[in-house]
Amino acid sequence: MRRVVAAVALPLALAASAQDMDRARQQSLVRLVRQDCGACHGMRLTGGLGPALTREALADKPIEAVAATIVHGRPGTPMPPWRAMLSDGEAHWIAVRLTQGFPEEPKAVP
Amino acid sequence: MKRRALFAPLAASLAMPWLGGCAAPDLKPAGTGDLGVVIERGRGTVAIVNTSTRTLLAEVPGLGDLSHASVVFARDGASAFVFGRDGALTRVNLLTQRIEARVLQAGNSIGGAISADGTLVAAQNYTPGGVKVFDARTLELVADIPATMADGRRSRVVGLVDLPGRRFAYALFDADAICIADLSQPEAPRVTRLDGIGRQPYDALVTPDGRHYIAGLFGEDGLALVDLWQREPHARRILAGYGRGEQALPVYKMPHLRGWAVAGRQAYLPAVGRHEVLVVDTQTWQEVGRITVAGQPVFVIARPDGRQVWVNFALPDYHRVQVIDTPSQQVVRTLEPGKAILHMEFTPRGEAVWLSARDDNRVVVLDTQDYQTLAALSVDSPSGIFFTARATRVGF
């Protein structure tokens with residue numbers, strides 16, 4: 001069922017390139033990485049069950065390779081393919097920011 | 001806004017004398033049976049809560065990286081040991097609302113356990129892979145037990161639990177092994193290692209009688225079971241091939257086995273990569289049923305009386321929670337109590353359940369009989385909820 005949804009959603013989501021992704025979506029991606037990817041990689045991205053995703057840890061990794069890992073996962077490890085939830089453009093957007101040092105979430109309004 | 005409103009009267013009435021670092025706080029004598037903590041993971045803070053008044057009592061900051069933080073309690077119910085992702089182990093006193101001791105014991109940690117006699121606290125670490133054991137009173141290191149693979153490299157440790165008799169059990173994610181460490185002489189730990197238990201154990205639990213240790217496997221369909229009452233314990237596979245060869249769904253969040261769901265003779269376990277809860281008979285360890293649920297289960301937790309089992313889910317289904325009625329083994333309720341429900345904790349006798357709604361910045365308290373909302377507390381990105389009743393339970 002989910003796979004069917006993904007197959008339909010993907011071409012639409014592909015249109016969302018880095019340029020036209022709106023700010024709200026960018027913020028939700030930052031939150032996704034910090035909070036949900038953080039379940040395995042740590043909220044500070046210093047690693048856990050998954051490896052560290054800090055700028056230093058990714059220094060010698062091509063952006064395309066990082067983006068491909070996000071989209072396709074790593075078979076044989078707990079890293080799942082995120083293509084049902086992220087477009088290629090969004091995965092690339094995340095990969096670029098990971099290699100630059102990932103943004104913090106905006107502080108919660110008290 | 002809400003938070004400030006909650007705190008202003010508290011600060012005014014108590015004047016927080018301990019914040020000045022001078023005299024000890026002038027606290028009324030109080031018990032700990034209705035206290036607990038909620039992890040505010042984004043801020044490195046734990047919130048201290050009262051489950052009778054359903055209120056936030058205080059916040060204790062300065063605990064570091066609390067992604068995937070977990071907590072065990074000393075049996076006085078007052079001392080909470082908080083294990084942080086950054087390898088910090090912190091003892092927080094719930095009555096004085098202060099940090100009493102803190103050590104940075106590893107580079108990357110995932111949780112811990114406390115010995116049955118309350119004297120030893122053990123941390124399970126990813127980096128460097130192994131278990132470190134501390135004096136519960138001083139947090140001085142008393143034993144360092146590396147976890148290794150066949151080639152000598154370190155393995156990440158998961159599924160650490162306390163066993164009767166100053167022992168701990170844990171599993172090695174990278175080495176497909178289960179270890180039983182006897183610390184009756186802490187300076188000379190004796191480790192029994194069981195190899196080849198199944199691929200990639202990701203978490204584990206111990207049954208309430210301390211007899212059976214069960215490790216969930218990520219790398220294959222099945223779980224590894226060890227009967228610790230046997231003279232020479234060995235691991236055997238249970239629920240092998242529960243996926244029936246079908247392609248598993250992508251697992252966006254690992255299930256957690258701690259929070260043992262046992263009701264009568266049956267145990268309820270999350271299936272990995274499937275929208276199912278598996279039901280196993282704890283006498284025969286055979287599958288006796290499976291229940292289709294609304295997503296991939298993360299926590300499958302029995303209400304303390306065993307009448308209900310509550311299930312939360314991995315994203316993208318984590319806005320839902322389902323309730324299984326155990327006599328009929330049917331899902332009787334699907335609730336949507338908030339955004340990103342990360343954890344659930346029952347009050348000691350289970351009349352209420354507290355749920356972390358991370359993306360609503362709220363903790364929601366529900367009545368487990370009529371599912372009405374009893375309270376909602378403003379808490380920043382709440383994750384784990386831990387009540388002091390855990391102090392008296394094996395494996396918590």
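Student: How are residues, chains and ligands labelled, and which limits apply to the model?

Tutor: Residues are numbered from 1 along each chain as its sequence is written, while chains are lettered from A and ligands numbered from 1 in the order in which they are written. The model is predicted, so local features need pLDDT of at least 70 and side-chain atom pairs count only at pLDDT 80 or more, whereas totals for chains, interfaces and linings use all residues.

Student: In what order do the strands of the open sheet in chain B stand?

Tutor: Strands of a sheet pair through backbone hydrogen bonds, either parallel or antiparallel. Here helices (H or I, at least four residues) and strands (E, at least two) are DSSP runs, numbered from the N terminus. Two strands pair if DSSP finds at least two bridges between them. In chain B, four strands make an open sheet with the order β20-β21-β22-β23, and their pairing is antiparallel. The edges are taken by β20 (262-263) and β23 (287-292) of chain B; each has a single partner strand, so one side of each lacks a neighbour in the sheet.

Student: How many bridges join β21 to β22 of chain B?

Tutor: Five bridges link β21 (residues 266-270) with β22 (residues 276-281) of chain B, and these strands run antiparallel. Opposite Leu269(B) stands Leu278(B), in β22(B).

Student: Where are there cis peptide bonds?

Tutor: Most residues other than glycine have a negative phi, and most peptide bonds are trans. One cis bond joins Thr127(B) and Pro128(B), with omega about -10°. Pro128(B) lies in the loop between β9 (120-127) and β10 (130-135) of chain B. Another cis bond joins Leu315(B) and Pro316(B), with omega about 10°. The loop between β25 (308-313) and β26 (321-325) of chain B holds Pro316(B). Pro316(B) is 275 residues from Arg41(B) in sequence, and their C-alpha atoms are 20 Å apart in space.

Student: What is the phi of Leu239(B), and is this residue buried or exposed?

Tutor: Leu239(B) has a phi near 50°, a positive value in a residue other than glycine. Its place is in the loop between β19 (235-238) and β20 of chain B. A residue is buried if 20 or more other C-beta atoms lie within 10 Å of its own, exposed if 12 or fewer, and partly exposed in between, with C-beta atoms placed from the backbone. Leu239(B) has 22 C-beta neighbours inside 10 Å, so Leu239(B) counts as buried.

Student: Where is Ala340(B) found?

Tutor: Ala340(B) is in the loop between β27 (330-335) and β28 (341-346) of chain B. The phi of Ala340(B) is near 60°, a positive value in a residue other than glycine. Ala340(B) has 19 other C-beta atoms within 10 Å, so Ala340(B) is partly exposed.
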